[in-house]
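Hello,

Here is the structure for you to look over. My notes on it follow below.

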Amino acid sequence: QVQLMESGGGLVQAGESLRLSCVASGNIDSIYAMAWYRQAPGKQRTMVARIISRGSTNYADSVKGRFTISRDNAKNTLYLQMNSLKPEDTAVYYCAASLGSVSSPHDYQYWGQGTQVTVSS
């Protein structure tokens with residue numbers, strides 16, 4: 001089992017920055033991939049950024065150049081640095097972890113509770 005706990009969400013104005021954190025606990029040595037997803041009201045949950053065990057990363061086109069995913073293995077923590085935030089970034093952000101390869105949200109076995117990010121114009 002893996003437990004995930006997000007923090008760092010909040011209300012900011014357009015152009016500002018936020019850093020989300022996700023602390024993992026439990027059987028973390030088995031984690032192969034971790035990701036940040038987001039879900040806006042009335043919309044599907046979509047991937048924001050992903051990091052694989054060897055450190056390779058992928059980003060949604062909408063956040064490339066603005067968001068950075070990283071991890072601190074010593075702290076068992078995943079981060080999402082979000083710069084130049086836009087109102088369309090408003091959503092609940094979720095941390096996810098998978099024990100194997102991933103190609104869709106269904107491949108992630110573990111999810112956090114989510115943290116709200118609201119960007120005002």
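One term first: a residue counts as buried when its relative accessible area is under 20%. By that cut-off, Cys 22 is buried. Cys 95 is buried too. Please keep in mind that this is a predicted model.

The disulfide

Those two cysteines are bonded to each other. The structure holds one disulfide, and this link joins Cys 22 to Cys 95. The S to S distance is 2.1 Å. A disulfide is a covalent bond between the sulfur atoms of two cysteines. The angle about the S-S bond is -75 degrees, and the link is left-handed.

Which parts of the chain does the pair connect? Distant ones: Cys 22 lies in strand 3, and Cys 95 lies in strand 9, residues 91-98. The two cysteines are 73 residues apart.

Now look at strand 3 and strand 8. Strand 3 covers residues 18-26, and strand 8 covers residues 77-82. They pair in the antiparallel sense over six bridges. Which residue of strand 8 is the bridge partner of Ser 21? That partner is Tyr 79. Strands of a sheet pair through backbone hydrogen bonds.

To recap, strand 3 pairs with strand 8, and its Cys 22 is linked to strand 9 through Cys 95.

Best wishes

How values were computed: Residues numbered from 1 in each chain as written. Predicted model: local features only at pLDDT ≥ 70, side-chain atom pairs only at ≥ 80, totals over all residues. Heavy atoms only, no water. Pairing = 2+ DSSP bridges. Helix = DSSP H or I, 4+ residues; strand = E, 2+ residues; numbered from the N terminus. Disulfide = S-S within 2.5 Å. Buried < 20%, exposed > 50% of the residue type's maximum accessible area, 1.4 Å probe, protein only.
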